[in-house]
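Subject: Structure handover

Hello,

Here is the structure for you to look over.

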Amino acid sequence: MAGSVLRDRLAAGDLAGCAAEARARLQRDPRDAEALFALAMASAEAGRVGDALRLIEPARRLDPANAEYAAQTARLLILARQDAAAAEAAQAAAQLPTGDARVLDTIGCVFARLGDHGAALPLFARAVDLAPDDTDYRFNFATSLGFFGRTHEAAVQYEAVIAREPHSGRAHLGLAGLRRHTRDDHHVVRIEAALGVVRDPDERLQLHHAAAKELEDIGEPARSFAHLKTANSAHKTRLGYRPEQDEALFAAIRHAFSGPLPQPSDLPDAPVFVVGLPRTGTTLVERILAAHPGLTAAGELQAMPLAVKEAAATRSRHVLDPETVAAAAAFDPGALGRAYLARARQNAGARGGRFIDKFPLNFLYVGWIAMALPNARIVCLRRGAMDAVLSTYKHLFAAHSSYYAWSYDPLDCARYLAQQRALVTFWQERFPGRVLDFSYEGLVADQEGQTRRLLDHCGLEWDEACLNFHAQQGAVATPSAQQVRRPLNADAIGRWRTHADALADAAAFLQAQGIALD
C-alpha cells in the first residue's frame with residue numbers, strides 16, 4: 001500500500017513529494033526496491049537521467065524479476081543514448097512475465113527506437129489486448145502495423161483511437177497516410193468537423209495536414225493547399241524560424257572543410273549512406289539497395305550526428321549548429337569512425353555485415369563521413385526542384401525539430417534546397433568520386449540502367465532482386481512506407497504544377513538562382 005503513495009505522487013506530478021517520501025523510506029530500509037525505483041522515476045521526470053540510471057540499477061538487482069524495472073531501465077538508457085545497453089535491457093525485459101500493458105508498450109517503444117520493429121509489434125499487440133481503452137497503446141500498434149504494410153489492420157486501430165478521441169490529430173493523420181482516398185471513401189468532413197472544435201495548436205497542425213492529404217487524394221488541390229497554408233504559417237510563427245539560421249550553418253560547414261584536412265582513417269567498414277532532402281526518393285533507393293543480399297537496411301540512424309556532436313563536446317541544445325561545426329572541425333577521423341560504428345551497430349539492421357544508413361540529412365555530414373569511413377559509399381538523391389519543394393512543404397516532419405524548421409513555407413523550402421544543392425556540389429568537388437548524384441526522375445525513366453549504376457557505385461554485383469524492391473516484406477518506418485510497396489511509377493513527377501500559382505514565389509526564387517524547376 002505504501003508503494004501506491006509513491007506512485008500516486010508520481011502520477012500527480014508531485015516530484016518533490018515523491019522524492020521526499022522515497023528518501024524517507026530508504027532511510028528506514030536502504031534495500032527498499034520500490035523506493036529506489038520511485039526516486040529514479042522522479043529524477044528522470046525532472047530531467048536527471050544519469051541520476052535515474054544510478055538509482056534504478058540497485059532496484060533491478062533487488063528485484064530482478066520485475067519487468068517494469070527492466071523496461072524503465074531500457075527507456076532511460078535510450079534517453080541517455082546508450083543504445084547497446086538499452087537493447088540488452090529491452091531484451092531482458094521482454095523475457096520477464098508481465099501482465100502490465102504499460103510495461104509491454106514501454107519495451108515496444110524501446111525496440112522501435114532501436115529499429116527492431118519486428119520485436120516491437122507483438123509487444124504493442126499484447127498491450128492493446130490488456131488495455132483496449134488506452135489510446136496511446138493503440139496508436140503505437142497502428143503505427144507499427146503501417147510500417148509492415150498491414151494497412152487494413154492499422155486502419156482498424158486508428159479508427160478505434162478516433163472512436164475514443166474523436167479529435168485526435170495524430171490518429172487522423174496516421175489514417176490519412178495509409179492509402180490513397182477517393183471521392184466515395186474519405187474522412188474530410190470528419191476531420192474538418194474536428195478542426196471546428198480543437199484549439200491545441202499541435203492537434204490543429206496534424207488535423208490540417210490530414211485534411212490536406214485526403215483533399216489532394218480526392219482531387220481538390222485548392223482546398224488542400226489552403227489547409228497546408230493555414231497550418232504551416234501558424235507553425236512557422238510558433239517556431240520563430242529565420243532562414244539566416246540555416247544559412248549560417250551551411251556557411252560554417254563549407255568553411256570547416258575548405259582548408260587542409262587530416263589523414264583519413266584506415267577503417268575498412270563500407271556502409272552505404274543514402275542522403276538528400278527528405279521526400280526525394282531516399283526510402284525508394286534504400287529499398288532497392290536492401291533487396292540486394294550484400295546489404296541490410298538499418299533505417300534512419302542518428303549515429304553520425306551524435307558522433308560528431310560528441311566529438312565537438314559542445315553544450316548547445318542543437319545537434320548541429322555553427323558552434324558545433326567549428327568545434328568538430330579538428331576531429332580525429334579514426335576516433336569519429338569508431339564512434340559512429342559503435343552507435344550504428346547497436347541498430348538491429350546494422351549488427352553484422354554491410355548496412356545502409358538512410359538518414360537524409362546526413363548530406364550535412366558528408367565531410368565527416370568521407371574522412372572517418374574512407375570505404376563508405378554515399379548516394380545523394382536529387383529530385384525535380386519544385387516537386388521537392390512541394391513534397392517537403394506538405395509533409396509534417398518532427399514538428400518541433402530544428403532539422404525541419406525550414407519546411408513550413410514554400411519559399412523557405414526553395415531557399416533550403418538551393419543551399420543543399422550548393423553544399424552537395426561543394427562535397428563533390430572536395431571529395432571527387434565519393435558522392436553519387438542520383439536522380440529520382442532518371443531512375444523512373446530507366447529503372448534497370450540506373451539501378452546498375454547505383455549498385456556499381458556501392459561496389460555490388462548485379463542482382464535482379466533489386467528491380468523487385470516493392471516485394472520486400474520488412475518494416476518501412478518512414479512516411480514513404482506505402483509508396484515503396486508499389487512498383488516504380490511516375491505518379492509524383494510534375495505534381496507541383498497543380499499548385500503552380502500558390503508556389504509562384506518559390507519557383508521565381510529558384511529560377512533566379514539558375515535552378516531548373518523540373
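Predicted model: local features only at pLDDT ≥ 70, side-chain atom pairs only at ≥ 80, totals over all residues.

**The cavity**

The count comes to 1 cavity of 30 Å³ or more. The lining is made by L277, T280, C380, L381, R382, R383, A388, L417, Q420, R421, V424 and D437. Two elements give two or more residues each: strand β4 (377-382) and helix α22 (410-430). Of the elements, α22 gives the most, with 4 residues. By type, the lining of this cavity splits into 6 nonpolar, 4 charged and 2 polar residues.

**The second largest pocket**

This pocket holds about 660 Å³ of space. Its lining has 23 residues. Which of them lie nearest the centre of the pocket? They are M41, Q72, R75, R102 and T106. Helices α1 (2-11), α3 (33-45), α5 (67-79), α7 (101-113) and α9 each give two or more residues to the lining. The largest share comes from α7, with 7 residues. The pocket lining divides into 11 nonpolar, 9 charged and 3 polar residues.

**Helices α8 and α9**

Helix α9 turns up again here, as a packing partner of α8. Two packed helices are described by the angle between their axes and the distance between the axes. Helix α8 covers residues 117-130, and helix α9 covers residues 135-147. They pack at an angle of about 145°, with axes 9 Å apart. The crossing of α8 and α9 is left-handed.

On the α8 side, the contact uses H117, L121, F124, A125, A127 and V128. On the α9 side, it uses Y137, R138, N140, F141, S144, L145 and F147. The contact residues of α8 and α9 comprise 9 nonpolar, 3 polar and 1 charged.

**Helix α17**

Why is α17 described as largely enclosed by the rest of the structure? Helix α17 (residues 303-312) has 10 residues, and 8 of them are buried, so the helix is largely enclosed. Buried here means under 20% relative accessible area. The buried residues of α17 are A303, M304, P305, L306, A307, V308, K309 and A312. K309 is one of these buried residues. Their cover includes α18 (322-327), α19 (333-344) and α20 (366-372). Just after α17 comes A313, which takes a positive phi of about 60°.

**Two single residues**

N232 is found in helix α14 (residues 221-239). Is N232 buried or exposed? N232 has a relative accessible area of 0%, so this residue is buried. What does N232 touch, leaving aside neighbours within four places in sequence? The contacts are L205, H209, Y393, S407 and Y408.

A193 sits in helix α12 (residues 188-195). A193 has a relative accessible area of 46%, so this residue is partly exposed. I also checked A193 against L53. The two are 140 residues apart in sequence. In space, A193 and L53 are 45 Å apart, C-alpha to C-alpha.

Best wishes

Definitions and conventions
Residues numbered from 1 in each chain as written. Heavy atoms only, no water. 1 Å grid on protein atoms, 1.4 Å probe; cavity = no way out; pocket = protein on both sides within 12 Å on 5 of 7 lines; lining within 4 Å. Points joined across faces, edges and corners; volume = space filled by probe spheres on them. Nonpolar A, V, L, I, M, F, W, Y, C, P; charged D, E, K, R; others polar. Axes fitted to C-alpha atoms, helices over the stretch in contact; angles between N-to-C directions. Left-handed = near helix turned anticlockwise from the far one by under 90°. Contact = heavy atoms within 4.5 Å. Buried < 20%, exposed > 50% of the residue type's maximum accessible area, 1.4 Å probe, protein only.
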